[in-house]
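The following paragraphs go through the side-chain contacts of one protein chain. Please keep the sequence and the model in view while reading.

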Amino acid sequence: MSQIIKNSLIVLSASVLFGIYPPAARGAYADGANAIFIILLTTLLRAASMTAFCIVKGHGLFVDREETKIAIRSGFIQACSIIGILGSLVYLPGPVAIVLLFTNTLMLLFFLWLKKELEVNQWLLIATVACLIGISFVVDVWNIHSLGDWRGYVLIMIGAAATASRLYIFGKLTQRKEPIVVGAETFLWAFCFLCLLPFHQMPILPQSILGFGWAFLSAVSLSLGSFAMFYGIAKIGAFHFSLYNKLEPVFGAIFSAILIGEILNVTQYIGMVIVIGSLVGYQLWDYRQRKNKS
């Protein structure tokens with residue numbers, strides 16, 4: 001049980017840290033920054049922090065040609081995930097994009113079932129769907145009046161599929177390599193691919209020190225969250241990390257209320273209860289199943 005608690009704390013840390021990013025980024029946007037600036041800043045800091053960690057610990061990066069090829073592929077998929085998600089927000093309301101993005105867990109679940117890498121389990125499916133319903137209430141998607149443009153749906157589904165793909169790849173790589181080495185190699189290449197974005201649109205910086213503070217907070221939260229993510233995936237696997245990371249929108253809503261004064265309605269709190277209740281219920285069921293087998 002103690003190991004389960006430790007693993008849960010790692011995943012919880014990732015959800016909390018990733019939950020800080022959305023309101024912090026919105027603070028930077030309100031001060032004049034654009035998405036290109038935030039993408040480049042956050043990706044650069046994620047790559048730099050994990051690379052620095054590997055250097056301090058003496059972990060080698062890109063040790064041979066095959067590992068470099070794998071890193072290029074995972075970096076490209078990571079870049080596609082970022083571009084798909086951020087690009088969709090040009091055409092879709094944020095809540096719609098968030099709900100569709102989190103279908104990546106369902107994609108990953110069905111893929112693992114097809115590959116027979118995960119045991120078919122109705123309770124796992126129920127928990128996943130319940131979390132998705134809860135998230136729809138947390139982000140208040142039911143009160144959205146505009147459904148957006150079809151291009152947004154294409155982009156967000158590309159982002160969701162790329163997210164499911166990169167999680168699967170991370171799950172495989174972290175079983176044989178130091179998790180942060182996987183992260184450093186991936187994000188170094190992802191940053192290289194994302195450096196092409198200024199050819200589409202130049203980055204626009206915030207207009208004040210406060211705006212830079214919000215931007216820096218968003219980058220730091222994603223960087224620290226990335227450490228927890230890679231270690232979490234290594235500990236519990238890609239799918240279970242993706243499932244438990246459904247707490248991210250819950251913390252995102254909470255931090256939006258705390259940091260930028262957003263007012264939450266009753267249905268959003270109901271959504272939080274659904275997400276948390278689904279995850280706790282599945283965790284207890286899973287623990288009992290493991291205990292009975294042992």
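A network of salt bridges links E67, R176, K177 and E185. The model is a predicted one, and a search of the whole structure finds 7 salt bridges in it. E67 has a relative accessible area of 11% and is buried; R176, at 47%, is partly exposed.

E67 also forms a salt bridge with K177, and here the closest N and O atoms are 2.9 Å apart. K177 lies in the loop between α7 and α8 and E67 in helix α3, so the pair ties together parts that are 110 residues apart in sequence. Both E67 and K177 are buried.

Another salt bridge joins the side chains of D149 and R151, at 2.9 Å from N to O. D149 counts as partly exposed, with 23% relative accessibility, and R151 counts as partly exposed at 38%.

The aromatic side chains come next. A search of the whole structure finds 10 aromatic pairs. In one of them, F76 and F193, the ring centres are 5.4 Å apart and the planes stand at 75 degrees; because an angle over 60 counts as edge-to-face, the pair is edge-to-face. F76 is in helix α3 (residues 65–88) and F193 in helix α8 (residues 179–194), so the pair links distant parts of the chain, 117 residues apart. F76 has a relative accessible area of 45% and is partly exposed; F193 counts as partly exposed at 25%. Together with W189, F76 and F193 form one aromatic cluster.

F110 and W113 form an aromatic pair that is edge-to-face, with 5.7 Å centre to centre and 70 degrees between the planes. Both residues lie in helix α5 (residues 104–114), 3 residues apart, about one turn of the helix. Is W113 buried or exposed? At 15% relative accessibility, W113 counts as buried, while F110, with a relative accessible area of 39%, is partly exposed.

Last comes the confidence of the prediction. The protein averages a pLDDT of 91, and 99% of the residues score at least 70. Confidence is highest in α8, at 97, and lowest in helix α12 (residues 266–293), at a mean of 86.

Key
Residues numbered from 1 in each chain as written. Predicted model: local features only at pLDDT ≥ 70, side-chain atom pairs only at ≥ 80, totals over all residues. Heavy atoms only, no water. Phe/Tyr/Trp six-rings, centres within 6.5 Å; stacked < 30°, edge-to-face > 60°. Helix = DSSP H or I, 4+ residues; strand = E, 2+ residues; numbered from the N terminus. Buried < 20%, exposed > 50% of the residue type's maximum accessible area, 1.4 Å probe, protein only. pLDDT = per-residue confidence, 0-100. Salt bridge = Lys/Arg side-chain N within 4 Å of Asp/Glu carboxyl O.
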